[in-house]
Amino acid sequence: MNIKNIKYYLLGLGIGCGFVATTVSCSDYLDLKPLNDVVLENYWTKKSDVTSVLMGCYESLYSEDCVTRMGLWGEARSDNMVIGVSTSQELEQLVKEDILPSNSYCNWASFYQTINRCNIVIHYAPQVQELDPNYTLTEMKANVAEATFIRSLCYFYLIRTFRDVPFTREPSIDDTQNYQIPATGFDTILGYLIEDLEAVKGDAQLYFRKPNPDKMQESAERDNTARVTKPAVYALLADLYLWQGNWDKCVECCNYVIDFKQNEFENLKRRLQNDVYLFNDIPLLMEQVNNTSGNAYNAIFGEGNSFESLFELTFDQTLNTDNRNGFVGNFYANTSGNQLSNGRLAPFDEFYGDLPLKSTDLFNAGDCRAYESIYQAGTTQYYIAKYAATRVSINSSASQSSWKPTYSWRSTNYAHWIIYRLTDVMLMKAEALIEQGNNNFEDAFALINAVSKRAVNSFAPGSGEVLKYADYKDSKEDMEKLVMDERHRELLFEGKRWYDLLRVARRTGNTKDLATTVTKKQLTNVSGIQIKLANPNALYLPYYRNELKVNPYLKQNPAYNTGDDADLEKN
């Protein structure tokens, strides 16, 4: 079933928590009455029943509540974003580290709704396979692998945001089940997610539609990136192992993804030759060549479902006008002609500064990503361009000091949302190699430099390259900073930055660097925020106050345990 054609396939059954409003708490939906027995007997009998509910898992993941939180949880508290105009009080509190348990952005209900849909698919699919002769074992395992990926991804967001959260693999289908459960620890859940994905990684489909080497097939690209494939499973596994500190397994999973893309490039070389180039032997979309082809931004963020994509949430206005990218909607209020108006979120202006006249602390003046990510309007106004622009054109034949990018803006926020893409995996591998020791520094640098070379239009060795191995090779600390800086540049505004800073803080046991980094954007109460973030508990969001009311086993994060929350826990 083509993910692009998802409608409301659940036939009004209200499967599990599937159609519960997002204002309902996790515990509320887990306590819903079970499905009518007659409905259950009549429903879970054929292949289409499973695929319909599986499409409901995707639909739930695509919800505005989910996507908005994916972005805000990974970006708002980082050094990337400041408040823009017409910002809500709750969003401003999130950006300014003035977070209360009553803040609705701490509401995790949409993620648990998605998890429960996945639990239902995983529970019923094997039973249906025994009943329906047209539903093969291979198809069933592939469906379970998709649901397992989506469930694992949701839990991964939850533990990185809240640390310890309620964890269950059981679906809400039986009124004898008790879903008022205590939180499970971060490391324990991380281990469960790895265990679950390792069990199904071989079952996921490699392709939903095999790309044609002779011509472009938008439908094939979309089907293979908007649904969970085997490379997407390996990308998530690599991320989980990176957080676990299992460097060998992280590298192994990254190698699978990189090898897959290298083989795919060889098979599709005829139709990709004008757009894809080998950077240190890894195929990446070129930035801009003579203003005619190879613009990586336009393919990855403007059109979406690009060659480099591994898994992204695809929004299509022609199919579903109600479902939009809620996070990107914060980047701009409206567009008019060649102008972009400021939205509720804005970039930290020091990243752009005096470009292109001189480099900033983050970007080299010749780095295309600076102009593709941030739009300068006037002298001192900066807006988020990434995802807001459908196309960005940079006159690379002109003198660099006179670069004047031109943009085509989205009028509505139907931008796709990328979860994993190839350069993300390359930099995961580089990070793991660095942590393995200095024997792997050169290999790690080659990966980082490949990403950098693409961004500055450097094709031949030594031609305009920004990074030099000699500047980093003698220091693990310098190599660690290099890979984190490159992730910062490459994945700016993609929901990754706060989690990257958090991962390093967890690894080192030191919150000082994180606190110093994220408070650079703050105009007031800098020392107060740094003191607050010195407490490791404060790196995670508080449990939403409504959850404490309905789940007596849930204990508030001590960094946010106000008198009111303490009273709730006693009751």
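1. Which residue forms a salt bridge with Glu-198, and how far apart are the closest N and O atoms? The partner is Lys-201, and the closest N and O atoms are 2.7 Å apart. A salt bridge here is a side-chain nitrogen of Lys or Arg within 4 Å of a carboxyl oxygen of Asp or Glu. Glu-198 is partly exposed at 23% relative accessible area, while Lys-201 counts as buried at 16%. Buried means under 20% relative accessible area, exposed over 50%, and partly exposed in between, with a 1.4 Å probe and protein chains only.

2. A note on the basis of these values. This is a predicted model, in which local features need pLDDT of at least 70, side-chain atom pairs count only at pLDDT 80 or more, and totals for chains, interfaces and linings use all residues. Residues are numbered from 1 along each chain as its sequence is written, and side-chain values use heavy atoms, with hydrogens and water left out.

3. The salt-bridge count comes to 42. One of these pairs is Arg-391 with Glu-303, whose closest N and O atoms are 4.0 Å apart. Arg-391 lies in strand β12 (residues 389–393) and Glu-303 in helix α12 (residues 296–303), so the pair ties together parts that are 88 residues apart in sequence. Helices (H or I, at least four residues) and strands (E, at least two) are DSSP runs, numbered from the N terminus. Arg-391 is partly exposed at 44% relative accessibility, and Glu-303 is exposed at 54%.

4. Glu-490 and Arg-369 also form a salt bridge, at 2.9 Å from N to O. Because Glu-490 belongs to helix α16 (residues 476–490) and Arg-369 to helix α13 (residues 368–373), this pair ties together parts that are 121 residues apart in sequence. Both residues are buried: the relative accessible area is 4% for Glu-490 and 5% for Arg-369. Salt bridges that share partners place both in one network, whose members include Glu-308, Asp-367, Lys-386, Arg-421 and Arg-454. Glu-486, Arg-489 and Glu-494 are also among the members of this network.

5. Glu-97 sits in the loop between α5 (89–95) and α6 (109–131). Glu-97 is buried, with a relative accessible area of 4%. The side chain of Glu-97 makes a polar contact of 2.7 Å with that of Arg-77. A polar contact is a pair of N or O atoms within 3.5 Å; within protein, one must be able to donate a hydrogen and the other to accept it, and residues adjacent in sequence count only if both atoms are side-chain atoms. Leaving out residues up to four places away in sequence, Glu-97 touches Arg-77, Trp-498, Ile-529, Lys-532 and Leu-533. Contact means heavy atoms within 4.5 Å.

6. How many disulfides are there? The count is zero, where a disulfide is a pair of cysteine sulfur atoms within 2.5 Å. For Cys-118, the closest cysteine sulfur is that of Cys-57, and at 3.8 Å it is too far for a bond. Cys-250 is in no disulfide either, the nearest cysteine sulfur being that of Cys-254 at 4.1 Å. Cys-118 is buried at 0% relative accessible area, and Cys-250 is buried at 0%.

7. Helix α11 (residues 247–272) spans only 33 Å between its end C-alpha atoms, whereas a straight helix of 26 residues would span 38 Å at 1.5 Å a residue. The expected span is 1.5 Å times one less than the number of residues. α11 bends by about 50 degrees at Glu-266, the bend being the angle between axes fitted to the seven residues ending there and the seven starting there.
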